[in-house]
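Dear colleague,

I am passing on a structure for you to look over, and below it you will find an account of what was found in it. Please keep the view open while you read.

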Amino acid sequence: MHGPALSGWLLVALCTATGVYCLLRTRAGVGEERRAAVGEAVMGFGMAAMALPAAVLAPPEWVWAVYAAVFGAAALHGLLAVRHGGHHLHHLVGSLAMVYMAVAMAAPGAAGAHAGHTAGTTGGIPVLTGGLLLYYTAYVLRSGARLVPAAATAGGGVGRAWASAGGGWAGRPELTHACRLSMALATLAMLVTM
């Protein structure tokens, strides 16, 4: 994505850590929870790969088509899973946002801008980018608000929280919310730098 290399590396670290945590959640979860964790791990690792600074590793032109195909498959899976619950709708929006960013980066003008970090170039449709920015801003604010009560009530009872989680720290719901919040923040940052 566009922007300074440091912010790119921070996004890579955040998305990789999120992907690793989601993989660890697959061991603690069962059924639908496990499938959601796998999807979030794919999203985290894919976002980490997309956020690699172009100054360090300029991706070949065909890699954007691969990203679009992988996230397109995830979007198709999300579309089929939407009937099972509301969170799948967020997965669908996230996958479609990644497809959109990959297609925008594959556009002829965006590839050169990506490699050279040209200021003022946009790689997408401003109205669609703006809509996604609004969606992710609202999601981040809502998710952050959901974490505040969990953090306030957990103070001092760390040992009990670990014991009652069943799956250790990988099964703690507030960490799952923090994981999703981290990916939403990373998506927001990627959309801003697009």
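A crossing of two helices is called left-handed if the near helix is turned anticlockwise from the far one by less than a right angle, and right-handed if clockwise. Please also bear in mind that this is a predicted model.

With that term in hand, we can begin with helix H1 and its two partners. H1, which covers residues 5-28, packs against H2 at an angle of about 160°, with their axes 7 Å apart. Because angles over 145 degrees count as roughly antiparallel, H1 and H2 are roughly antiparallel to each other, and H1 passes H2 in a left-handed crossing. On the H1 side the contact includes Val-12, Cys-15, Gly-19 and Arg-25, while H2 contributes, among others, Glu-33, Ala-37, Glu-40 and Met-47. By class, the residues of this contact between H1 and H2 divide into twelve nonpolar, four polar and four charged.

The axes of H1 and H8 (residues 173-192 for H8) come within 10 Å and cross at roughly 150°. H1 and H8 are therefore roughly antiparallel to each other, and H1 passes H8 in a left-handed crossing. Among the residues that make this contact are Leu-11, Cys-15, Tyr-21 and Arg-25 of H1, together with Leu-175, Arg-180, Met-183 and Met-190 of H8. Eleven nonpolar, three polar and two charged residues make up the contact of H1 with H8.

Turning to the other pairing of H2, helix H2 (residues 31-50) and helix H3 (residues 63-81) pack at an angle of about 165°, with their axes 11 Å apart. That angle makes H2 roughly antiparallel to H3, and the crossing of H2 and H3 is left-handed. The contact is made by Val-42, Met-43, Gly-46, Met-47, Ala-49 and Met-50 of H2 and by Trp-64, Tyr-67, Val-70 and Phe-71 of H3. In this contact of H2 with H3 there are nine nonpolar residues and one polar residue, with no charged residues.

What lines the largest pocket, and which residues lie nearest its centre? The largest pocket holds about 370 Å³ of space and is lined by 25 residues, of which Gly-39, Glu-40, Met-43, His-91 and Ser-95 lie nearest its centre. H2, H3, H4 (87-106), H6 (126-154) and H8 each supply at least two residues of that lining, and the largest share, eight residues, comes from H2. The residues of the lining divide into twelve nonpolar, ten polar and three charged.

With kind regards

Terms used. Residues numbered from 1 in each chain as written. Predicted model: local features only at pLDDT ≥ 70, side-chain atom pairs only at ≥ 80, totals over all residues. Heavy atoms only, no water. Axes fitted to C-alpha atoms, helices over the stretch in contact; angles between N-to-C directions. Helix = DSSP H or I, 4+ residues; strand = E, 2+ residues; numbered from the N terminus. Parallel < 35°, antiparallel > 145°, perpendicular 65-115°, else oblique. Contact = heavy atoms within 4.5 Å. Nonpolar A, V, L, I, M, F, W, Y, C, P; charged D, E, K, R; others polar. 1 Å grid on protein atoms, 1.4 Å probe; cavity = no way out; pocket = protein on both sides within 12 Å on 5 of 7 lines; lining within 4 Å. Points joined across faces, edges and corners; volume = space filled by probe spheres on them.
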